[in-house]
Amino acid sequence: MFIPEDKVTDIRNAADIVEIISESVLLKKAGKDYVGLCPFHSEKTPSFTVSPEKQIFYCFGCGTGGNVFSFLMKQEGFSFPEAVRMLARRYGIDIPAHAMSPEQKRRMNERERLFDINKQAMEYFRQALRGDSGKKAMAYLDARGMTTAVIEGFNLGYAPDGWNNLINFFSEKGTPLSLVEKAGLIIPKNSGNGFYDRFRDRIIFPIIDVRMQVIGFGGRVMDDTEQPKYLNSPETPLYKKSRSLYGLHRAKQKCRQSDAVYLVEGYLDVLSLHKHGIENAVATLGTALTPEHIRLLRGYARKMTLVYDSDEAGVRAARRSTEIFRKEETDASVLVLQPAGYDPDSYLAEFGTDAFINAASQSLSLISFLTDSAIKKHGLSTEGKIRIISDMEAPLSTITDNVARSLYIRELSERTEIDEAEILKKIRRVSSSHKTAVPYKLRTDTLRERGDKLEQKIIAMMLQFPEILPEIGQRNILEHFKDDTLKSIGQIILDCPGKKLSEIDALSGDEEKGRIVFPLAIEEEPWNREGCLNLIEQFESGRKGSISNWLTGNRLKGYRK
């Protein structure tokens, strides 16, 4: 799809990269730039940097960098045209449609049409809940203690009983049923032609992303004997359950204000927490916790509390989640509600907000929770203690902070009455035999290992002090580069005078070149003309022989002419 270059420039100039990225990454001011935990890989110490001046981002951990379009393409899975159009809508910039072919318009519009179909479906379900067909559903929500504010705030709805209510609704509007199917709202019949409604006689929970777009739906039966109790939209072009969290669109502000988030398992748990004034609560959507969920949440809060039912299934789920948190190098605590048999919804209904907050304040760290679970599982017999230590070897061996590991070993020692030194010996043996591979070296250490450091320095100078570009061109500095990739990058910069790196698509849109130029651009040095000329002279001195040969060759060419 062709988008006029002047429109791309207008959109790029209008967009604030800090504003866009801060919607999904928790950024902190650090001098002129902003830093945060990278949303693209696991890390405990922030290495993700955003430069408002240069309108670029770069992660010194995984080497990912780019401009505002690159970020949306990487984070949201957008194509370049989708990223451009999304920002154009946000900043009120019109993109002419005449430049697109009918097929390009169809592809471009499909995603927007799916969003529109979901929005219409949400409104249909909302109206059904408030009409005659929704009386039973409204009575159910009332019995569960859902207030009008919660019902309206989360746009709850009802899918009437029947096989073709939604089909008829969209058919009357002339909406192609193939698109309604692509949105996950209807299902093809097994035999013959036609479709049937996916959601029937269920409370409907619209799933809304942080950009306030309806991406999917969840449906719950009103009779707990029916199965499945919950039914969610399938994976669609809009909805990826491993990257989506219910309620985050309502919770994100409170998460950032409190720097904390409660992670629960069900829709009604989220609604109950919000109803009781605990608005920094979200839920997974019919799937186990994923690394993507944790990276998404890290953009809004550093303190995470997993809240699980006190039954055995809840404890198993909590145990699985701790492994994900450990691998993502993210601290979290675990709250298993007591006494047994309570989920967040029933606990709050029975004991109230203060009791929940008090219980949450006593939630266990991941390691303490695993220790507690191992003791309850194996008991404190001799054999039980051996199994407890065996269970705790791997979690303790992954703790890199020596003080924290020492404290957890002491806790385990006190609870099992096993000598700390003996536990530490076992942990060290595990650590040495199962060395955790470091997935990323700092890109500043590995940047262009085959490249010439002085050539890198010149590229950095060209990016950071563009006033020197005429001098680079006149003295033909790039002709004497040994590294072809650096030479190509330098030529692109020379060919784009007056443009920032974020505006040079040949660099910001090229992954290989981007891994070179973004760290060179973002690590700014105090350049001035004198320093630049000194660097150029140093380079020329080092390349003296090749420059002399080049000059001789060009004189001969001129003579022959």
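Two residues are in contact when heavy atoms of theirs lie within 4.5 Å. The structure in these views is a predicted model.

**View 1. Thr284 sits in the loop between β13 and α12.** The strand β13 covers residues 281–283, and helix α12 covers 291–298. Thr284 has a relative accessible area of 13%, which means that Thr284 is buried, since the cut-off for buried is under 20%. Its side chain comes to 3.5 Å from the backbone oxygen of Thr287.

**View 2. Helix α16 packs against helix α17.** Two packed helices are described by the angle between their axes and the distance between the axes. Here α16 (residues 366–378) and α17 (residues 382–397) have axes 9 Å apart, at an angle of about 155°. The two helices are therefore roughly antiparallel to each other, because the angle is over 145 degrees. The crossing of α16 with α17 is right-handed.

**View 3. Residues of α16 meet residues of α17.** From α16 come Ile367, Leu370, Thr371, Ala374, Ile375 and His378. Facing them from α17 are Gly384, Arg387, Ile388, Asp391, Met392, Pro395 and Leu396. Of the residues in this contact, eight are nonpolar, three polar and two charged.

**View 4. Gln538 belongs to helix α26.** This helix is made of residues 529–542. With a relative accessible area of 49%, Gln538 is partly exposed. Gln538 and Leu454 are 84 residues apart along the chain, and their C-alpha atoms are separated by 8.8 Å.

Note on methods
Residues numbered from 1 in each chain as written. Predicted model: local features only at pLDDT ≥ 70, side-chain atom pairs only at ≥ 80, totals over all residues. Heavy atoms only, no water. Helix = DSSP H or I, 4+ residues; strand = E, 2+ residues; numbered from the N terminus. Buried < 20%, exposed > 50% of the residue type's maximum accessible area, 1.4 Å probe, protein only. Polar contact = N/O pair within 3.5 Å; in protein donor to acceptor, adjacent residues only side chain to side chain. Axes fitted to C-alpha atoms, helices over the stretch in contact; angles between N-to-C directions. Parallel < 35°, antiparallel > 145°, perpendicular 65-115°, else oblique. Left-handed = near helix turned anticlockwise from the far one by under 90°. Nonpolar A, V, L, I, M, F, W, Y, C, P; charged D, E, K, R; others polar.
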